[in-house]
Amino acid sequence: MDTSQIRYLIVGYGIQGQKRKKFLNNTNTIIVDPFNSNAEFEFLKDVPPNLYDAALVCTPDQEKLAVIEHLLRNQKHILCEKPLYFSSPSDFQKVSDLLLKTQTVFYTAYNHRFEPSIKFLSEQIDKNEFGKIYVVRMFYGNGTAKEVAYSPWRDKGLGVFKDLGSHLIDTLFLLFPKDRKSTRLNSSHANIS
C-alpha cells in the first residue's frame, strides 16, 4: 500500500487528536468525536469502515479497549496514544488474538524511544559499555504533570503515574528488553508541586 494514499480516522479530537491532525496536514482524514463540533462523525459505529485504512486512537483511557476492538474487527491499522493500559489479562489476550487474526499493524505512541539521548543510551547498553547493570533509578519530569490535575479523566485512578510514568516503563523495557520478567518496581513517588 502506498502510505501517501492512506486514509486516516482520528478517534477523539481533543489535544492529542488535534496534534495528530495537524501532523497529517492535508491527508484524507476523518474525525469522530461526540464532543467536538469539528468532527464529521459523533460515534465510531457510524463511520463506514470502507472510508478509512488506519486509525489514530486519541480517546480517554477507559474508552480505548472498545475502540481498539472495533477497529481490529474491521481490520484497521492503529496508532494508539499512550498509555495503553489493560485492566485484566483477558483484555490483553483479546486484543492480542485480534491482532494475530487480522495481521494489522498496531503501535502505542511512546515518543521518547526516538529521542537521540535515549537511542544513544540504548546503544551503549547494547555494547556493554557500563558492564553488568544491577539497579536503575529513573526520574521523569516535564511541564505537563501539573496539567493532569485539571483533566477530568486523567486525574483519576493511577493519575500521573499511569499517564507519565508509562514513559518510564516503556523506556526501561526498551533499554532492557531481556529483563522484563525480572524487573520490579521498588518505589514510586509523584511530586507535582
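These legends describe close-up views of one predicted protein chain. Local features need pLDDT of at least 70 and side-chain atom pairs count only at pLDDT 80 or more, while totals for chains, interfaces and linings use all residues of this predicted model. Residues are numbered from 1 along each chain as its sequence is written, and side-chain values use heavy atoms, with hydrogens and water left out.

View 1. Helices (H or I, at least four residues) and strands (E, at least two) are DSSP runs, numbered from the N terminus. From that end, the elements run β-α-β-β-α-β-α-β-α-α-α. Of the 193 residues, 36% count as buried. Buried means under 20% relative accessible area, exposed over 50%, and partly exposed in between (1.4 Å probe, protein chains only). The chain exposes about 13000 Å², and carbon and sulfur atoms supply 54% of it. Accessible areas come from the Shrake-Rupley method with a 1.4 Å probe; for residues, only the protein chains shown count as cover.

**View 2. Five strands form an open sheet with parallel pairing.** The order is E2-E1-E3-E4-E5. Two strands pair if DSSP finds at least two bridges between them. E2 (29-32) and E5 (106-109) stand at the edges, each with a single partner strand, so one side of each has no neighbour in the sheet. The twist averages 20 degrees from one strand to the next. Axes are lines fitted to C-alpha atoms, for helices over the stretch in contact, and angles run from 0 to 180 degrees between N-to-C directions.

View 3. Ile10 has Leu56 of E3 as its bridge partner.

**View 4. E4, H3 and E5 make a right-handed β-α-β unit.** A crossover is right-handed if, with the strands pointing away from the viewer, the path from the first strand over the helix to the second runs clockwise. Helix H3 spans residues 89-102. E4 and E5 run parallel, joined by 4 bridges. Ile78 stands opposite Phe106 in E5. In the loop between E4 and H3 lies Pro83. The peptide bond from Lys82 to Pro83 is cis, with omega near -10 degrees.

**View 5. The largest nonpolar core holds 17 residues.** A nonpolar core is a set of buried Ala, Val, Leu, Ile, Met, Phe, Trp, Tyr and Cys residues joined through side-chain atoms within 4.5 Å. Leu9, Leu44, Leu71 and Ile78 touch the most other members. E1, E2, E3, H2, E4 and H3 each supply at least two residues of this core. H2 gives the most, with 4 residues. Apart from this core lies another, of 10 residues, among them Ile6, Leu24, Ile31 and Leu56.

**View 6. His112 is buried in the loop between E5 and H4.** Its relative accessible area is 19%. Leaving aside neighbours within four places in sequence, His112 is in contact (heavy atoms within 4.5 Å) with Ile118, Tyr140, His167 and Thr171.

**View 7. Gln103 and Asn128 have positive phi.** Gln103, in the loop between H3 and E5, has a phi of about 55 degrees. Gln103 is exposed, at 61% relative accessibility. Asn128 lies in the loop between H4 and H5, with phi near 65 degrees. Asn128 is exposed too, at 51% relative accessibility.
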